[in-house]
Amino acid sequence: MAKKLPPLFLFILFSYFLQAQYIENTPWMEELHKKKGTTSKSQKEVFSLDEMRAAFDAYWEGKDYKARGSGFKQFKRWENYWSYLVDSQGYLPGSQQLWEAHQNKINNAAVANPVSDWTSIGPTTAGAIAIGLPGIGRINAIAVDPNNEDIWYAGAPAGGIWKSTDAGDSWVNLFDNFPQIGVSGIAIDPNNSDIIYIATGDDDAADSFSIGVYKSLDGGSTWNETGLNPGNTNINFLMNEIVVDPSNSNIIWVATSSGLQKSIDGGDTFQVMQTGNIVDFRLKPGDPNTVYAV
């Protein structure tokens, strides 16, 4: 039986992780202190993240970083965490800065958005699977029919697309007879709610591969291939967001790992408009000819 860690130890461990300066007695930090003419015990020298990264890389040059207990992975995790928190000079925040940030948050006079009113619609019981993890799973996409607020669609990374006609009280599966049933993007034609496009596969963890974009003409009851289909995708192909141009129902945009793709004929054919691994995009409200992609 696994032993529970005492609360005091957890607090110490958490506090230690939040210390910006990396562990001083690691060999690369000791070398950095020598280079700067300081001692690790004094801890008076403060280094930038770039300096610590360079010292780390120099130390590991020619060494086997895969050796068990080397500390390589731990440093890389620490480096990734703090890379988002450095200041404009590349230095990590100290305890005082972290404390002040905490106090500023507490004393912030901002109030919550008064128009936000979120309510959980369930499931309220997660259940469990054999290895003890929650059994609900992830949801990659959700869309509400712009012409009927009671009709909702939800896409799961390996569980297909689901439809509710009573604002989430009950659901039916619409995509259960395909060899791959992951859905990461849903688009409803605002001019005809019976026309729905889905971007298949799991764009997050790649738990399911993509078989392209599928189109329904009857509110999800049946599905047809489009110009992006199993014949021109592969197991490494991922797609996520998909959007119908609100000013022209024949124009379909979809973000994929092989670029931002556009159709001008209702999905019959697609053309890559921007290369690269496009993970998300938006059309500018009021001006769908302006596209923002990341």
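The model is a predicted one, in which local features need pLDDT of at least 70 and side-chain atom pairs count only at pLDDT 80 or more, while totals for chains, interfaces and linings use all residues. Residues are numbered from 1 along each chain as its sequence is written, and side-chain values use heavy atoms, with hydrogens and water left out.

The protein has 5 helices and 14 strands, where helices (H or I, at least four residues) and strands (E, at least two) are DSSP runs numbered from the N terminus. Of its 294 residues, 35% count as buried; buried means under 20% relative accessible area, exposed means over 50%, and partly exposed lies in between, with a 1.4 Å probe and protein chains only. The protein exposes about 18700 Å², and carbon and sulfur atoms supply 54% of this area, as computed by the Shrake-Rupley method with a 1.4 Å probe, where for residues only the protein chains shown count as cover. Among contacts (heavy atoms within 4.5 Å) between residues at least 6 apart in sequence, 40% join residues at least 24 apart.

In soluble globular proteins, nonpolar side chains tend to be buried together. A nonpolar core is here a set of buried Ala, Val, Leu, Ile, Met, Phe, Trp, Tyr and Cys residues joined through side-chain atoms within 4.5 Å. The largest such core has 16 residues, and those with the most contacts inside it are Tyr153, Ile161, Phe175, Ile186, Ile198, Tyr214 and Trp223. Strand E1 (141–144), strand E5 (183–188) and strand E6 (196–200) each supply at least two residues of this core, and the largest share, 3 residues, comes from E5. When residues up to four places away in sequence are not counted, Tyr214 touches a list of residues that includes Phe175, Ile198, Trp223 and Pro230. A second, separate core of 14 residues includes Trp28, Met52, Trp78 and Leu92.

Val254 is placed in strand E10 (residues 252–256) and is buried, with a relative accessible area of 0%. Leaving aside neighbours within four places in sequence, Val254 is in contact with residues including Ala199, Val213, Leu228, Phe270 and Phe281, and its C-alpha atom is separated by 9.9 Å from that of Tyr197, which is 57 residues apart along the chain. Ser164, in strand E3 (residues 160–164), also counts as buried, at 0% relative accessibility. The side chain of Ser164 makes a polar contact with the side chain of Asp166 (2.8 Å); a polar contact is a pair of N or O atoms within 3.5 Å, where within protein one must be able to donate a hydrogen and the other to accept it, and residues adjacent in sequence count only if both atoms are side-chain atoms.

What is the place of Ile121, and is this residue buried or exposed? Ile121 is found in the loop between H5 and E1 and is exposed, with a relative accessible area of 52%. Beyond its neighbours within four places in sequence, Ile121 is in contact with Trp152 and Gly168.

The structure holds 9 salt bridges, a salt bridge being a side-chain nitrogen of Lys or Arg within 4 Å of a carboxyl oxygen of Asp or Glu. In one of them the side chains of Arg53 and Glu79 meet at 2.3 Å, N to O; Arg53 lies in helix H3 (residues 49–60) and Glu79 in helix H4, so the pair ties together parts that are 26 residues apart in sequence. Arg53 counts as partly exposed at 23% relative accessibility, whereas Glu79 counts as buried at 9%. The side chain of Glu79 also makes a polar contact with the side chain of Lys76 (3.2 Å), and Asp50, Arg53, Lys76 and Glu79 are linked in a network of salt bridges.

Arg138 takes part in a salt bridge with Asp204, the closest N and O atoms being 3.3 Å apart. This pair links distant parts of the chain, with Asp204 in the loop between E6 and strand E7 (213–216) and Arg138 in the loop between H5 and E1, 66 residues apart. The side chains of Arg138 and Asp207 likewise meet in a salt bridge (2.8 Å, N to O).
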